[in-house]
Amino acid sequence: MVAFGKYLQRKQIEEWRGYYINYKLMKQRVKQYAEQIRGGSQHPRHVLKDFSRMLDTQIEKTVLFMLEQQGLLAGRLSTLRETHDAVLEQPDISKIVELRESYRDVGRDLLQLLKFVELNAIGLRKILKKFDKRFGYRFADYYVKTRANHPYSQLQQVFKHVGVGAVVGAISRNLHELQENEGSFYSIYDQPVLPLQDPVVEAIKTAVDKLTNSTSFLNFLAQHALIMQDDLQTPSEDTIDERTYHFNSLLLNLGNTFLYMVNTYIIVPTADDYSMSLGAAATVCGVVIGSMAVAQVFSSVYFSAWSNKSYFKPLVFSSIALFIGNLMYALAYDANSITLLLVGRLCCGLGSARAVNRRYISDCVPLRIRMQASAGFVSASALGMACGPALAGLLQIKFKFYKLTFNQSTLPGWVMAVAWLFYLVWLCISFKEPLRDTEEQERSKRNETSSSNNLTILEVKLFLLLIVNELFDWILLNEYAVTERIEEGIRKPLLITSGILPDDEEDCDESEESADDSRRPANSFGDAYRLLTPSVKVQLLIYFMLKYAMEILLSESSVVTSYYFGWTTSSVAIFLACLGLTVLPINILVGSYISNMFEDRQILLTSEIIVFVGILFSFNLFVPYTVPQYVISGLVMFVAAEVLEGVNLSLLSRVMSSRLSKGTYNGGLLSTEAGTLARVVADVTITLGGYLGRNHLLNATLLPSLVICIGSIVATCCTYNSLY
């Protein structure tokens, strides 16, 4: 593997060589610091201060040069503007062509400047990581946050791209004016989205996108989805062809997510009544609800493996399994069979395709819109969680058709069976299976052969004419359109991602593994587990805890509220729907405001403590249990758990090994399994607690939640300094 120092030296523009960050010098300085600290001649605090000053100087040198170059580009554009006005007054084809080429030259020089900024960003990211790794600090997080948020920060110049945007706007507008559109009175400002733009402008936009990433709500939701990305992938290396991306298929993928979440929670308000009508105890609702999660533990694995070969077939199987499962769930009432009820729910769990849903977005959606698709995944899940109980509250009718009974217990099964049937038809009609690499190569070869046989002489002439016309532009742009893949991901440059890096990622110049080994996906749960750092294991424990606490609250709500308060199914449905509707507003609050004000680890620990308080106040101890106590404590616990889930998954999406971004045993599967196991354990706890009687059920189920919560808080405190 090529060391970054050599890579930086090879990629530098010769005349700009003195303005790049001095990576070699900073690397040597880090080694000197290590020797001085070991020898006791230097205090760590002085090391941090000296290294911060050195970084400030290097960044200042780079940023001032960038601003100087932007000024030169602006001067060239101003001169071209004068020529442009003269050409418009006296049109001359040769001068127009020459002027367009001059604007493109400015654009190409801007591309060089953006590549200059990108290389420096990578260098800063690597040297900060090297410093943290050598000394065990989380200095990168501190340095970037303090510099990025300061009003006079040099990094702000890189973040805002104000000068770059102005130059791009001038180039784009003037090139558009010089196109052959004399009959048009519209400018680029009248047409915000141009169908075809000059290749130089498109290349600049791609380069700017690579340097732009923020802690916005959309980004927070995308990380909440825990859709793992390969650290080595960059926008210019995105192998997903925009032309093969199918929007309807993405909608169907999100539709599967939404319907599955509705299917999960639609039975919660009525599960206890259904169990009692079949001769079982009300607390058997825990087994009824949890049986779907039990099956999901196994289905997640084979769906994840299946998605390596196909997406359409797993979604079809999922729809059929859920259709059959809901049908069995609905028919169990007339068959008077609790076994048929449980088998139906198990069948529904076997149709859980959430691993496929995540994988489809990760593999088949272009990087340009992957964040929006990931946010859509989270939103669809949240909406389904709210719509499930709300729909159950509306199905308060009873009638018989032939020998089939339709009531509040069976209607959820019938409604979801019909919904999955319609979804299956839509899936078969509209879903387009993405082409795999081998299929794409074979298809392109067949298309090339067919095209070459069918081209007429006239078509050949026209084709050659187009090639001659565009060849010159293509040659000049080619070196900018394809960037060389390097050993570390530059999809999220350091200057934006607060220096957060996977613990298991090795510097290219210090790694003893080959490139293939370091990027090979995990082949088993054992391999995946060995890739987890202690801090990641703690975060998975936190995820288990919050899912356990939420499942206890939701699954036993109908039993607890009917016993203490005499609530009807409609009342329980309204309560659960209101809880579900808090998901998106809470994520907006955290993603847009709280995460920008506090460190993630601070939000993490605070949320855990609030969950602990919510659980503690949910106990029925000395005073009569009241509706306000139950509702307020449940709401506090649920909201805090939602905040905790968002921040926790956001951290996991950034610190998990890049080897867990692909393959069957990926990061999404690990999080799904942890959450599903938590739900299974919680539902089993509810059923076992039922043997103590309904009067002891609440405290019996809350006690394990409290113990696990305390354990997660202790684990977080022990690893607090390693969380970032």
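**Helix pairs and nonpolar cores in a predicted model**

Helix α3 (residues 44–89) and helix α4 (residues 93–135) approach each other with axes that come within 10 Å and cross at roughly 175°. Angles over 145 degrees count as roughly antiparallel, and α3 and α4 are therefore roughly antiparallel to each other. The contact of α3 with α4 comprises 23 nonpolar, seven polar and five charged residues. The model under discussion is a predicted one.

The protein as a whole contains 30 helices and two strands. Of its 724 residues, 53% are buried.

Helix α12 (residues 285–306) packs against helix α14 (residues 338–350) at an angle of about 35°, and their axes are 6 Å apart. The crossing of α12 past α14 is right-handed. On the α12 side, the contact is made by Val287, Val288, Ile289, Ser291, Met292, Ala295, Gln296, Ser299, Tyr302 and Phe303. On the α14 side, the contributing residues are Leu341, Leu342, Arg345, Leu346, Cys348, Gly349 and Leu350. By class, the residues of the contact of α12 with α14 are twelve nonpolar, four polar and one charged.

The largest nonpolar core has 113 residues, of which Leu250, Val365, Met385, Leu427, Val611, Ile615 and Phe638 touch the most other members. Helix α23 (residues 534–555) gives the most to this core, namely 13 residues. When residues up to four places away in sequence are not counted, Met385 touches Met261, Tyr265, Met550, Leu554, Val583 and Phe638. Another core, of 48 residues, lies apart from the largest one; Val63, Leu113, Val117 and Leu119 are among its members.

Ala678 is located in helix α29 (residues 667–689). Buried means under 20% relative accessible area; Ala678 has a relative accessible area of 0% and is therefore buried. With its neighbours within four places in sequence left aside, Ala678 is in contact with Phe544, Lys547 and Tyr548. Ala678 and Tyr543 are 135 residues apart in sequence, yet their C-alpha atoms are 8.6 Å apart in space.

Technical notes
Residues are numbered from 1 along each chain as its sequence is written. This is a predicted model: local features need pLDDT of at least 70, side-chain atom pairs count only at pLDDT 80 or more; totals for chains, interfaces and linings use all residues. Side-chain values use heavy atoms; hydrogens and water are left out. Axes are lines fitted to C-alpha atoms, for helices over the stretch in contact, and angles run from 0 to 180 degrees between N-to-C directions. Helices (H or I, at least four residues) and strands (E, at least two) are DSSP runs, numbered from the N terminus. Angles under 35 degrees count as roughly parallel, over 145 as roughly antiparallel, 65 to 115 as roughly perpendicular and the rest as oblique. Ala, Val, Leu, Ile, Met, Phe, Trp, Tyr, Cys and Pro count as nonpolar, Asp, Glu, Lys and Arg as charged, and the others, Gly among them, as polar. A crossing is left-handed if the near helix is turned anticlockwise from the far one by less than a right angle, and right-handed if clockwise. Contact means heavy atoms within 4.5 Å. Buried means under 20% relative accessible area, exposed over 50%, partly exposed in between (1.4 Å probe, protein chains only). A nonpolar core is a set of buried Ala, Val, Leu, Ile, Met, Phe, Trp, Tyr and Cys residues joined through side-chain atoms within 4.5 Å.
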